[in-house]
Amino acid sequence: MTSRPWREWGAAAGERGTAVAEFRAELPASLGSARQARAAVREALAAWGLDYLAGDAELLASELVANAAEHGDGQPIGLALRRVPGPRGEQSLVCEVTDTSPAMPMPRDAEPDAERGRGLSIVSALARTSGVTPSLVGKTAWFTLATPDPSAEADAEAEVGLSSCALHGAKPQQEFR
Ligand SMILES: Nc1ncnc2c1ncn2[C@@H]1O[C@H](COP(=O)(O)OP(=O)(O)OP(=O)(O)O)[C@@H](O)[C@H]1O
Ligand SMILES: [Mg+2]
């Protein structure tokens with residue numbers, strides 16, 4: 001069985017951009033903390049107009065908080081959510097889950113019949129980037145998600161428009177709304 005690292009292992013917080021909005025909470029290390037994390041993510045994303053990201057964000061925050069509650073040291077868990085603008089108009093969500101256990105997450109390749117061991121693989125598969133940053137008092141597991149890049153979408157639409165014009169031998173027209 002081989003271990004697969006998260007997509008970005010241990011990037012510094014500063015590399016993840018400057019936040020325009022931030023939400024922080026302290027959650028108990030209990031079974032109910034994952035549910036509280038999902039509610040916090042839902043509320044923050046609704047307030048920021050990023051409901052589009054809520055499904056994946058709730059699932060991934062839930063996995064990291066459940067890990068901190070289950071595999072951490074029983075001390076309170078920190079949850080931080082940040083909205084970060086991207087260079088081309090896209091919006092990113094940064095979610096950080098901090099616990100005070102020195103033990104580090106160990107991503108696994110779960111065997112087909114294994115009942116557990118898929119949480120970090122799910123985070124890695126769905127997040128844009130994800131990782132863990134060790135600290136003197138424990139570590140922060142984190143992931144980012146982003147809305148589609150509007151300029152890339154516009155380029156793609158323009159390309160489709162141009163190629164359909166080429167097919168029909170027509171000049172591109174501006175669309176009025
Ligand atoms: N916050 C954490 N502190 C210490 N160890 C962790 C932490 N998060 C994960 N780990 C370690 O990494 C392993 C893999 O985590 P992962 O979430 O992939 O699987 P799991 O929690 O064991 O099972 P599942 O998430 O499928 O219920 C865990 O079994 C645990 O040993
Ligand atoms: Mg887990």
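Predicted model: local features only at pLDDT ≥ 70, side-chain atom pairs only at ≥ 80, totals over all residues.
Strands β4 and β5 (residues 138-146) run antiparallel and are joined by seven bridges. One of these pairings can be located by residue: Thr-133 has Thr-140 of β5 as its bridge partner.

Five strands make up an open sheet, with antiparallel pairing and the order β1-β2-β3-β5-β4. β1 (21-27) and β4 (129-135) are at the edges, and each has a single partner strand, so one side of each lacks a neighbour in the sheet. On average, and ignoring direction, neighbouring strands of the sheet are turned by 15° against each other. In general, the strands of a sheet pair through backbone hydrogen bonds, and the pairing may be parallel or antiparallel.

A helix lies against this sheet. α2 packs on the sheet and touches β1, β2 (77-85), β3 (91-99) and β5. The direction of α2 makes about 10° with that of β3.

The sheet and this helix can now be placed in the chain. The protein chain has four helices and five strands, and along the sequence they follow the pattern β-α-α-β-β-α-β-β-α. Of the contacts in the chain with a separation of 6 or more, 70% are between residues 24 or more positions apart. Of the 177 residues in the chain, 28% are buried.

α2 also meets another helix. Two packed helices are described by the angle between their axes and by the distance between the axes. The axes of α2 and α3 come within 10 Å and cross at roughly 145°, and the crossing is left-handed. On the side of α2, the contact is made by Asp-56, Leu-60, Glu-63, Leu-64, Ala-66 and Asn-67. α3 contributes Gly-119, Ile-122, Val-123 and Leu-126. Sorted by class, the residues in this contact are six nonpolar, two polar and two charged.

The last part to look at is the ligand. There are 17 residues around ligand 1, and those that come nearest are Asn-67, His-71, Pro-105, Gly-119 and Leu-120. α2 gives the most, with four residues. By class, the shell holds six nonpolar, six polar and five charged residues.

Conventions
Residues numbered from 1 in each chain as written. Chains lettered and ligands numbered in written order. Helix = DSSP H or I, 4+ residues; strand = E, 2+ residues; numbered from the N terminus. Buried ≥ 20, exposed ≤ 12 C-beta atoms within 10 Å, placed from the backbone. Contact = placed C-beta atoms within 7 Å. Near = placed C-beta within 6 Å. Nonpolar A, V, L, I, M, F, W, Y, C, P; charged D, E, K, R; others polar. Axes fitted to C-alpha atoms, helices over the stretch in contact; angles between N-to-C directions. Left-handed = near helix turned anticlockwise from the far one by under 90°. Pairing = 2+ DSSP bridges.
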